[in-house]
Amino acid sequence: MSEWEIAVNRAINNNVPKVFQILNKYPYILELAKKLREAKLQVLSNPEKYIEETINSVKRIGGNAYFVRDANEAREVISKIVGSGKKVVMGKSMVAYEIGLRKYLQSIGNEVWETDLGEFLIQLADEPPSHILAPAVHMTKERIAKLIREKLHVDVDVNSSHEELVAKVREFLREKFIKADVGITGANAVAADTGSVILVENEGNIRMSSVLPTVHIAVAGVEKIVPTFYDALTEATVQAAFAGLYPPTYINVSSGPSSTGDIEMKRVSPAHGPKEFHLVIVDNGRIEISRDEVLKETLLCIRCGRCHMHCPVYRVEGVDWGDPPYTGPMGAMWSYAVYRDTKPAMYCMHSGNCKEVCPMKINIPRVLERIKAIGNGSIRDGDGYGKK
Amino acid sequence: MLGKIILQNLEKHDFPYNIDKKICSGWANDLPKGGETILFTSCMHQTASLSDTFSRTIPLAEKVPSLSVFAKLIKPNKEQLERSYKVLRNIASLLKKNGVNFGYLYEEEPYSGAILLELGYLNEFGIHAERVTKFLKEKGVKRIITVDPHTHNALNRYNEFTKFDIEVVNYLELVKDAKIKTDVSFVIHDSCLYSRFLGLRDVYRQILTNAGGKIVEDLMVTSKEVSYCCGSPIKPVNHELGEKVAKSRVEQLKKLSENILVVCPMCYANLSKYHNKIYDLAEVVE
Ligand code: SF4
């Protein structure tokens, strides 16, 4: 067995039964998932309206919001806020990876640190992530020890325990959090009605990234917008459960910059947390996709990563399937949605396991079939065949 | 490009590549020709063992489309062909025992177009579906009995491309009564299409248990959500990947039972390279 197969089989044996147990024990989650699908479809039927509503809501709560068309525009807007010579801490974000944010901010003279442990290891190794939840799932503990010793010059070796390794990284990152000028996070969901950004996590790094620095920038794809605050909390709940991490350790809500109402109950800002809050909503091909009845399902994905674990191609091909950070079955859809790359879809063997386990009931094989046909030149994007 | 080559082959040979159509019908000699209800093999059982050769040829066809690499006549070996004939004869006899009457189109039987659909040639599949539909209507066919998941799935999707009002039913749905031939227990390797797309997963389990068969199940190996593909559909795109999937699938299944039961000729062809105790459902019940 290859190192990849060993790693992925361990992950499957840990994760797959866990998700089944969670769904059994908390049956309301399936109900919530159904409602969430409807809420997300509502946004996809009129994304422009919801983008506008979100921007207005963010402004109303004292934040700034921007809608950007592509990766270039996204980097431009964000780098204007950040500037150069700054210390930046980041929470894991696929969109940030998609638009090449970390490397760009570094290239204009900032010190930038990923703070999600897996993502941090990926940064140290300068490798693409291999799974959306566990980006460093392909690395063994021994390799990680070596990496940390070499890059952080700390005293660990192959015999160090998992706990010791985590402690060393924690020590290193603590200092970065405290000194950071800017915190950048993604978003699990964005509520159009309140302008709030919801983030789910277990490590505690997102709380610190979004609260310790004086500036918080959240970057999110258009598909993260849901109609209401309630829907946004629903998305966090469903995402955590289908990822096999339920209850999640933390759910964070950020509605504008920090504020207090303690003096005569007048709400003033800032308080202890950030004095600036920015939300950057990224299109990068998403709105166009939302106009196609089949392809639009891609945008329902809540990135729980469950489909990966059930897909025979991912189990065998692993990291090499899809354009980073978009791997696995969802990645084959997303590679087309944001990079217009049809090749990963060709690898779909329509086993259908992904559609069976997807909380959003996305018919992934059907989406990939359509992408294949576009890639083959059999149909053009927008043709009617196979739409039902 | 490949889609067009396959489509041309379908026009010329009535099959994705060049075969002698007699091998498709060699199993049947006592069935009435045609009729309103027909058994439809799409020559899948008979040619499943050729899928390897076919999938190895595809990358060549993509590179040198001008040399018609599919032109050469290819033939399954005798033993494999005989086995597939036995499976088909058993299916026919099971149907008759269950009181189902049907005819067969012999060499005139068209190919479903499954390969076009599965490789993502939707437009070409639509063109082929129209042609097949027209032909079947001319023959007066009102009801089709399929015997493999790929054909069943392809016919099921004709409606998206053309007006298709012929009833499609799978033989598994018509066999209510059968008897098991052996007392060993089996682990089922589900066909992805039957299990997750066509809703027949419980139908063949029922046939087997009613017949007195014993089945071993395990959430991580045979459940609807976790059990997976035999690797065959990916072979035309990446042969090696298909083989790796087949190998790992056999390893999982063997942990539960030495005797592996399949319900699809492609699963049989792909998995039987890695294990010799693989049986089609129609081989173990009568
Ligand atoms: S496609 Fe479905 S299962 Fe896969 S990551 Fe997205 S929501 Fe989860």
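Mentor: Let us begin with a definition: two strands pair if DSSP finds at least two bridges between them. Please bear in mind that this is a predicted model.

Trainee: How do you know that strand β3 of chain B pairs with β4(B)?

Mentor: Pairing requires at least two bridges, and four bridges join β3 (residues 143–146) of chain B to β4(B), so the two strands pair. They run parallel, and B:I144 stands opposite B:V168 in β4(B). In general, strands of a sheet pair through backbone hydrogen bonds.

Trainee: What is the order of the four strands in the open sheet of chain B?

Mentor: The order is β2-β1-β3-β4, with parallel pairing.

Trainee: What makes β2 and β4 of chain B edge strands?

Mentor: Each of them, β2 (103–104) and β4 (167–170), pairs on one side only.

Trainee: Why is the pair B:C24 and B:C43 called a disulfide?

Mentor: The cut-off is 2.5 Å between cysteine sulfur atoms. The sulfur atoms of B:C24 and B:C43 are 2.1 Å apart, so the pair is a disulfide. The structure holds one disulfide over all chains. The pair links distant parts of the chain, 19 residues apart: B:C24 is in helix α2 (residues 22–25) of chain B, and B:C43 is in the loop between β1 (37–40) and α3 (44–47) of chain B.

Trainee: Why is this disulfide called left-handed?

Mentor: It is called left-handed because the torsion about the S-S bond of B:C24 and B:C43 is about -95°.

Trainee: Are these two cysteines buried or exposed?

Mentor: Buried means under 20% relative accessible area. B:C24 has 2%, so B:C24 is buried. B:C43 has 1%, and therefore B:C43 is buried as well.

Trainee: How do you know that B:C192 is in no disulfide?

Mentor: The nearest cysteine sulfur, that of B:C229, is 4.0 Å away, whereas a disulfide needs sulfur atoms within 2.5 Å.

Trainee: What makes B:C230 a cysteine in no disulfide?

Mentor: The same cut-off of 2.5 Å applies. For B:C230 the nearest cysteine sulfur is that of B:C267, 3.9 Å away, so B:C230 is in no disulfide. B:C230 counts as buried because its relative accessibility is 3%.

Trainee: Which classes of residue make up the shell around the ligand?

Mentor: The shell has nine nonpolar, one polar and one charged residues. Among the residues around the ligand are A:R303, A:G305 and A:M330. Arg counts as charged, Gly as polar and Met as nonpolar.

Note on methods:
Residues are numbered from 1 along each chain as its sequence is written. Chains are lettered from A and ligands numbered from 1 in the order in which they are written. This is a predicted model: local features need pLDDT of at least 70, side-chain atom pairs count only at pLDDT 80 or more; totals for chains, interfaces and linings use all residues. Side-chain values use heavy atoms; hydrogens and water are left out. A residue is near a molecule or strand if one of its heavy atoms lies within 4 Å of it. Buried means under 20% relative accessible area, exposed over 50%, partly exposed in between (1.4 Å probe, protein chains only).
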